[in-house]
Amino acid sequence: MEEKRKKVFVSGCYDMLHSGHVAFFKEASTYGDLYVGIGSDDTILELKNRHTVYSERERLYMVKAIRYVTDACINRGSGMMDFIESVERFKPDIFVVNSDGSSEEKRRFCRERGIEYIVLERVPDEGLEARSTTSLRSGVRCHLPYRIDLAGTWIDQPYVSEHGAGWALTVSVEPTMEFMERAGMATSTRNTARSIWPYELPYYNEEMMARLLFCFENSPEKQGHIAGAQDAIGICMSGLNRHYYDNHYWPAKIESCHDEETLSWLESHLCLVPMFPRPEGCSVVEGKDITPEKVGRLADAASRCWDAIMDRDLEAFAKAFSDSFEAQISMFPAMMAPGVQEYIDRWSPKAKAWKMTGAGGGGYLCLVVDEIPEGAIPIKIRRRNSF
């Protein structure tokens, strides 16, 4: 009697379908009959704040046409776990993911349902280049960096630094993937930068570019909120930078670190975990409580954070990183939007310290770790160009 073949399930967006997707389907199908869950147009818009290149109907048509696929459907859930209803429909024996799409939440989901969980590396077929939708998008569209704030967040706003001067610390991050919008990585300032430099930063003085971007984003006619200077500095100035604010929008001084050993050390102990985009209309300044004492704690933590990185002292770095985050949320408690604590609870056992990127309310958790855990996103700090 012929042994019944197992059912295999995979899930993803499969927008801009390419050879990497086909290679993944081919390898996944070696474990059994392959069933594919496809992210809906609404889910992709929610997670990435962009419209798909191909509609869900087109993507379903193309995926079903691939000979390695037994059947496919549009996932009807939402968020990062939009495939739950599809899993209940197909009842797979095995759930297969790429290594960069693996997460502890997916692993736990499978364990609770008795589904085998398999993680594959991205391996192109012989003679072909490795492909990903992210690399295709960045290759065609935009190589501009993102920004991660490490400590001192909010000090670049005069209504904070008027209570006490201090440093903000930022790193400029290579676009190794397409990070979600409204995620605390200066995506709005990055989008403004694309109006000036559509594809990549020019080879030019980095501080001058940061000043230009800051002024361009905050024109004299602009009403309301002034974007903090740390966003423009974090995007335009490579490596690790700290900038000192003293009741002014532009910092009084900027210090930079381009030491390769230090940047490599920092990369090995920092990673990101995606949560969810900051909701539209979310105000993280509601209920703010800014006092000289709290600003002093923020400034002290940022100074200690810089010193710890220079010494490559992981324990001191983690403590200062954590203290900076605690100082932030003591002044702006609305940063802790519903759902954030759940992610902190899930990832804190694997980290020495954590904070939200940017002003909070969603986005990514930035973790300080001994080693980058499975399911987290490593970062690549942008190195300095020579002029």
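Analyst: Two packed helices are described by the angle between their axes and the distance between the axes. Here α12 and helix α13 (residues 314-331) pack at about 160°, with axes 8 Å apart. Helices (H or I, at least four residues) are DSSP runs, numbered from the N terminus. Axes are lines fitted to C-alpha atoms over the stretch in contact, and angles run from 0 to 180 degrees between N-to-C directions. This is a predicted model: local features need pLDDT of at least 70, side-chain atom pairs count only at pLDDT 80 or more, and totals for chains, interfaces and linings use all residues. Residues are numbered from 1 along each chain as its sequence is written, and side-chain values use heavy atoms, with hydrogens and water left out.

User: Which way do α12 and α13 run relative to each other?

Analyst: Angles over 145 degrees count as roughly antiparallel, 65 to 115 as roughly perpendicular, under 35 as roughly parallel and the rest as oblique. α12 and α13 are therefore roughly antiparallel.

User: Which residues of α12 and α13 meet?

Analyst: Contact means heavy atoms within 4.5 Å. Among those that meet are Leu298 and Ala301 in α12, and Phe317 and Ala320 in α13.

User: At what angle do α11 and α12 pack?

Analyst: Helix α11 (residues 260-268) packs with helix α12 (residues 292-311) at about 110°, and their axes are 9 Å apart. The two are therefore roughly perpendicular to each other.

User: Which residues of α11 and α12 meet?

Analyst: Thr262, Trp265 and Leu266 in α11 meet Ala308, Ile309 and Met310 in α12.
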